Amino acid sequence: MELLALDENFNPIRYLNYINLQWDRAYYECGTFSVRLSASEYSSDIAYLYTKDRPETGIAQKVLYETTIKGAFVQISGFFLEHILNDKIIYPTYYASGNLETAIRAMIARYKADIPLLTLGAAQGLGTAVTWQETGGAMDTVCYTALQTQALSLRCRYVLTENKIYFEVWQGIDRTQDQTANNFVTFSRGFGNLQQATVDSDRSNAKNFALVAGSGEGAARITQEVDCSNGSYRQKIFVDAKSIAYDPDKQTLAAYKESLVQKGLEELLKYQNIFNVDVTVNATQFAYMTDFDLGDKIDIIIDDIGIALTARIIAVHEVIKNGAHIVNLEIGDKIINRKRG
């Protein structure tokens with residue numbers, strides 16, 4: 001994987017001869033990277049790390065210099081380019097309605113004016129109808145959260161030959177045995193393509209029903225119920241959404257109520273019944289980024305404990321060191337606030 005260092009104006013500096021690279025891609029949030037260099041490889045002009053081999057571009061945000069008995073080294077780390085959206089807030093209030101991708105793109109177009117090089121990529125026609133409003137939230141959080149309710153993601157993809165950053169909404173490919181359009185991808189010990197697996201199941205924080213309370217006082221307060229229980233036992237939360245104000249001059253009451261429903265769906269993301277699998281895979285049968293990639297839906301079989309899981313790849317953790325390339329996949333539900341070792 002080639003890494004080209006760029007300066008703050010995206011001008012090429014040079015390709016880096018790195019010692020160790022960790023490239024942590026994520027589907028429902030901004031990913032991160034860390035690269036270790038000999039001090040002689042480092043330049044204080046390095047602002048971005050570009051690679052033609054991945055859709056992400058790293059932002060050089062942290063630099064650590066150290067000397068050891070083996071020499072002098074520099075560690076560069078930071079978020080990927082999607083983090084530039086974290087610098088912007090949604091203000092004044094944005095009222096979204098219609099197809100989710102279209103609404104997100106319209107919001108980006110409205111608030112992106114002072115983000116250098118950022119332009120809208122091609123629309124993909126993804127998502128279903130949605131209504132919500134936002135005041136004051138960070139642009140990246142607002143986008144990722146809304147998109148996650150429909151299993152979508154976003155990218156800020158830098159194109160070196162055009163010197164442009166394209167904002168794109170996207171979705172991974174269904175590669176499960178429940179479909180026929182794409183080749184199947186299944187990982188299991190029985191198939192010899194699964195080296196290690198860690199299964200994390202946690203229902204301790206699960207909720208499936210939200211009562212969302214918006215504008216008004218007492219019995220006159222506008223409320224909406226969001227029921228994701230599918231007829232099972234209801235585990236309820238209360239969502240205080242007074243910050244989502246009803247403005248009859250800018251929206252209908254029906255549209256306002258739909259925005260409360262969307263708020264409830266987003267809050268319930270924090271209370272999922274977590275089923276998450278970390279696996280280290282062999283690339284002998286399926287090639288990474290050819291047969292499967294970040295965001296794809298695949299099948300996982302853990303025979304030892306009788307698990308057959310159809311789920312999405314929500315993170316890919318890559319380590320390139322000493323000529324070896326290790327690929328670890330995180331599949332299933334996003335675990336909130338978990339620190340990786």
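The questions and answers below concern a pocket, a helix, a strand and salt bridges in a predicted model. Local features need pLDDT of at least 70 and side-chain atom pairs count only at pLDDT 80 or more, whereas totals for chains, interfaces and linings use all residues. Residues are numbered from 1 along each chain as its sequence is written, and side-chain values use heavy atoms, with hydrogens and water left out.

Q: Which helix supplies the largest share of the lining of the second largest pocket?
A: A pocket is an open set of points on a 1 Å grid over the protein atoms alone where a 1.4 Å probe fits, with protein on both sides within 12 Å along at least five of seven lines; lining residues have an atom within 4 Å of a point. Of the 30 lining residues, those closest to the centre are T141, V142, T145, E266 and K270. Helices (H or I, at least four residues) and strands (E, at least two) are DSSP runs numbered from the N terminus, and β11 (129-134), α2 (139-148) and α3 (253-268) each give at least two residues to this lining. The largest share, seven residues, is that of α2.

Q: How many of the 10 residues of α2 are buried?
A: Buried means under 20% relative accessible area, exposed over 50%, and partly exposed in between (1.4 Å probe, protein chains only). The buried residues of α2 include M139, V142, Y144 and L147. Their cover, by contact (heavy atoms within 4.5 Å), includes α1 (100-111), β12 (153-159) and α3. The helix is mostly covered, and the number buried is eight.

Q: Which residue of β18 is the bridge partner of A210?
A: Two strands pair if DSSP finds at least two bridges between them. Strand β16 (residues 209-213) and β18 pair in the parallel sense over five bridges. In a regular strand the side chains alternate between the two faces of the sheet. The covered face of β18 has I237 and V239, while K236, F238 and D240 are on the uncovered one; the partner of A210 is I237.

Q: What separates E267 and K263 along helix α3?
A: E267 and K263 form a salt bridge (a side-chain nitrogen of Lys or Arg within 4 Å of a carboxyl oxygen of Asp or Glu), with the closest N and O atoms 3.5 Å apart. E267 counts as buried at 16% relative accessibility, whereas K263 is partly exposed at 25%. An α-helix has 3.6 residues a turn, so residues three or four places apart point the same way. Because the two are four residues apart in α3, the separation is about one helical turn.
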